[in-house]
Amino acid sequence: MSENIPIIRLENISKSYQEGVDAIDNLSLEVDKGEFVFVVGPSGSGKSTLIKLLLKEIEPTGGQIFMRGKSIASLRRRQISKYRREIGVVFQNFKLLNDRNVFENVALAQRVIGVSKWNMNRNVASILSLVGLTEKILANPSELSGGEQQRVALARALVNRPSILLADEPTGNLDPKNARAMMELLDDVNKLGTTVIVVTHNPDVVDEMKKRVIVMQNGKVLSDKVKGGYAYERY
Amino acid sequence: MKGISVLLYSIKQGIKNLRHNGLFTLASVGTISACLFLFGIFYFIVSNFQYMVKNAETSVGITVFFNENIGDEAIASIGDKIRARGEVSEVIFVSADEAWEKFKGEVFAGREEEIAQTFGDDNPLVDSASYEVYLSDVSEQGALSEYIKSIDGVREVKGSIDAATGLTNVNKLIGYVSAAIIIILLAVSIFLINTTISTGVSVRKEEISIMRLVGATDLFIKMPFIIEGILIGIIGAALPLAVLYFMYGRIVNFVGERFSVLSGILIFLEEGTVFSVLVPICVCLGVGIGYIGSIWTLRRHVRV
């Protein structure tokens, strides 16, 4: 029964900001467990607002968001923290701490959930090996290339084994080669069972990967295709 | 185990914050130190003044005179009734002879021969036996006088209510003034802690946003700042306490030597007595200022 419940369901979600801007307008969509979904669209189409809503950083002005069939609207502050542990996030600007090395940046995610030192060392080493950064474990983020920094961010997002990975423009600051490598990593993560949602402007990666593509415009879903491509969507 | 590791991490981060915000930390520690130093000075003054007033109060008594020919038994009975009162600390019987000897000594000092010729063995204060009643709390003097007047066999009660009220009022005034000054200083300290923690929060804004996103609880994010505030408070309390401890004995000696004429009045509290109260108060105030300052700031700046 629970296998059939979408891992994420948005039901008539709206979000208006105080300035009167409607960032999301009566949007409904479902994402199944283990899916790989691209969310594309022009600037101001509501993609970043969607990410913030899923992370419960902001509240919708209408509608409900369900995680595994349960509404997240009534979560208390402590429950919000636990809810967020289910979601790993990667940003375009990496959001790494420059006063800490690679290990410490990744370990931060483990530390906040109270993982013991021994387990933390093991988990961080394991995830850094997955993203191919074992040799850079003691390096400072400023000593790494853009691609390496994004892999550190990915390692941090994955180290707590989230069910969902949200990537907001993960290739935005990467050259084509690193962008492709990053998408391959995300694909690998997806194959391991994690639901992956990637917000992007990069048509190359979308076209190449042949995944589900949701096109957004003016806060609405313009199209939703199972094996879509960026090039086909003219908005 | 999990709680301990989170606490250790928070302490480490709190100490790191202190170093990171060096100047603001110094400003906050300095202000709390100044505040608690002044608090300590006021405490010295207030506690010692109260001690001196208390000593003075015990010398402010009530004199109770009896009806003529009342008899020793009735006098003893009056004495028992007075002693039974809770506010009475001491009751001394002064016989008519003792009263006359004391009077002669005070009024006719050096004129003993003249007095002997005039009065011989007569005691002009023959009906002036009395009780000198001392109180543990001088403010109760009015009520006690009224009670004693109502006892059978009591002719007259003489008190020094003005002196008693005056001492009580001065004591209260010093208490109010010091409380007002200390409250203002505490408010300034909390404001400065707020500035320090706000700076810490803005410096670590990025880290806080990352921690929120990876599922850190409210407490986990706030704990290092709370510990930072408490550490500032503890350091801010320890410094003035050390200086005050060093100063106290010297101040007492200085005042004692400088005003040796008043040595009967200027009786100071022992160092141990003062600091057994001052140390816990200052540490609690320091920790309290740090805690309130940081919580107040975090409420406004950090929200999961």
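This is a predicted model: local features need pLDDT of at least 70, side-chain atom pairs count only at pLDDT 80 or more; totals for chains, interfaces and linings use all residues.
Buried here means under 20% relative accessible area.

**A covered strand**

Strand E3 (residues 130-135) of chain B has six of its six residues buried, so the rest of the structure largely encloses it. In a regular strand, side chains alternate between the two faces of the sheet. In E3(B), Ser130(B), Glu132(B) and Tyr134(B) sit on one side, with Tyr131(B), Val133(B) and Leu135(B) on the other, and both faces are covered.

**Domains of chain B**

Chain B splits into domain 1 (2-56 + 167-301) and domain 2 (61-159). The C-alpha centres of domain 1 and domain 2 of chain B are 51 Å apart.

**A helix pair in chain A**

Over in chain A, helix H5 (residues 146-158) packs against helix H6 (residues 176-191) at an angle of about 15°, and their axes are 10 Å apart. H5(A) is therefore roughly parallel to H6(A), since angles under 35 degrees count that way. The crossing of H5(A) past H6(A) is right-handed.

Which residues meet there? On the H5(A) side they are Gly147(A), Gln150(A), Arg151(A), Leu154(A) and Leu158(A), and on the H6(A) side Asn178(A), Met182(A), Leu185(A), Leu186(A) and Val189(A).

Methods. Residues are numbered from 1 along each chain as its sequence is written. Chains are lettered from A and ligands numbered from 1 in the order in which they are written. Side-chain values use heavy atoms; hydrogens and water are left out. Buried means under 20% relative accessible area, exposed over 50%, partly exposed in between (1.4 Å probe, protein chains only). Helices (H or I, at least four residues) and strands (E, at least two) are DSSP runs, numbered from the N terminus. Domain bounds come from an automatic or database domain assignment. Axes are lines fitted to C-alpha atoms, for helices over the stretch in contact, and angles run from 0 to 180 degrees between N-to-C directions. Angles under 35 degrees count as roughly parallel, over 145 as roughly antiparallel, 65 to 115 as roughly perpendicular and the rest as oblique. A crossing is left-handed if the near helix is turned anticlockwise from the far one by less than a right angle, and right-handed if clockwise. Contact means heavy atoms within 4.5 Å.
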